[in-house]
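Morning, everyone. Please look at the screen.

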Amino acid sequence: MRRLAVLGATGSIGESTLDVVRRFPDRFRVVALAAGGRRIDRLAAQVRETGARWVAVPDEAAAEALRCRGVTAEVLAGPQGLVQVAGLEEADVVVSAVVGAAGLLPTYAAVLAGKIVALANKESLVAAGEVVMAAARRTGARILPVDSEHSALFQALEGRDPGQVRRLILTASGGPFRGRSRGSLAGVGVDEALAHPNWSMGPKITVDSATLMNKGLEVIEARWLFDVPADRIDVAVHPESIVHSLVEFVDGSLIGQLGPPDMRIPIAYALSHPERLPLPDLSVDLVRAGRLTFEEPDRDAFPCLDLAYEALRAGGTVPAVLSGANEEAVAAFLARRLGFLEIAEAVAAALDAHRPHPLTTVQEALEADLWARRFVKGWVGRRGRG
Ligand code: NAD
Ligand code: MG
């Protein structure tokens, strides 16, 4: 029986995680849940269903709202509560699925506590990958990727000699704007950006998929998870989203993982590793899929991809600035205060203005993230729509 703490329980990954848990009641028990304050009814229902003993929410108002709904679990309020449940002695596996920089401290806490960390929150590795991975080596925490591409790479690399890897190839769906020219993207609206062709996900990552920033963040995530430098990580657009990523070995062999685009597969693998769980309803019919295609990403229409490579090569605090600036710019886009193409412009402006320094602590990553958010807020304001 693995005891789970699910952070970001009410989100897309959180709900899919609970779906996996529901299917295997003899294997998993949820001891703690954490979420933001937006879907309190849903969170209360999850606490009742799972019997979680602890639940963390961002503030006292959300805590009170939970208690009003008859939740008898111990309610922890404030950012500290999130960190507390991440390090809970009663949990073996921490599912890190809060969105954005808010996921960094709890992920780090889980790593410091030596947990198995089922990591969906890529932003924590983007902002502070070096520090988080070093801590995991010290404490023996295992970071198991939930991100589908990284789960594919993890599966392709398992049991193999890292010295024999030539390069990693991350696949990307291309998002809703694949094939569009840069010029045609100037006026695209929020609804269009949120209409992802293959995956149903939270709004931030869905916009990141539309700009290709998601793939850029994933390149950085892969760099830290698998200790492969930027110049040996490539991206191929694969609109069918069936090949979830590939490893090329020194002899030219490509080993990848294929499957239907359903996050419950990588989630289940992270929860039960090294075992595989039976998910009989999930499969892909390759004959019906008919054709698997691959193409170069359009780096002109989607400049966020190269901004991420640039940030990774610069190192230090720069990736944290990339992540923070992007999160703020995406929030402004979703609030209709920024145009689609301006997301990349805002991030580029933040990278230009930042004076980088080496990163030795998570605190420094959080400060760089915060600096970038303030910068983008000001930048949006100067555009006259803030
Ligand atoms: P989502 O927006 O659907 O859910 C986010 C969750 O985080 C919600 O439960 C929300 O309440 C919680 N949350 C937000 N701010 C919080 C805060 N300050 N304190 C506590 N909880 C907070 O997002 P998602 O799509 O589930 O993505 C979650 C993470 O997983 C992201 O980092 C994303 O990049 C990554 N990821 C998601 C997918 C996917 O298919 N959705 C795939 C790969 C990686
Ligand atoms: Mg992914």
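Start with strand β2, residues 28-34, which pairs with β3 in the parallel sense over three bridges. This is a predicted model, in which local features need pLDDT of at least 70 and side-chain atom pairs pLDDT 80 or more, while totals for chains, interfaces and linings use all residues. Residues are numbered from 1 along each chain as its sequence is written, chains are lettered from A and ligands numbered from 1 in the order written, and side-chain values use heavy atoms, without hydrogens and water.

Helices (H or I, at least four residues) and strands (E, at least two) are DSSP runs, numbered from the N terminus. Two strands pair if DSSP finds at least two bridges between them.

In β3, A56 is the bridge partner of A34. From β2 the chain passes through helix α2, residues 40-50, to β3, and this β-α-β crossover is right-handed (with the strands pointing away from the viewer, the path from the first strand over the helix to the second runs clockwise).

Now the other partner. β3 also pairs with strand β4, residues 74-77, in the parallel sense over four bridges. There, V57 stands opposite A77. With helix α3, residues 60-68, β3 and β4 make a right-handed β-α-β unit.

Are the faces of β3 buried or exposed? W54 and A56 on one side and V55 and V57 on the other are all buried (under 20% relative accessible area; exposed is over 50%, partly exposed in between, with a 1.4 Å probe and protein chains only).

Last, the cysteines. C68 counts as exposed because its relative accessibility is 62%. C304, at 1%, is buried. The disulfide count is zero, a disulfide being a pair of cysteine sulfur atoms within 2.5 Å.
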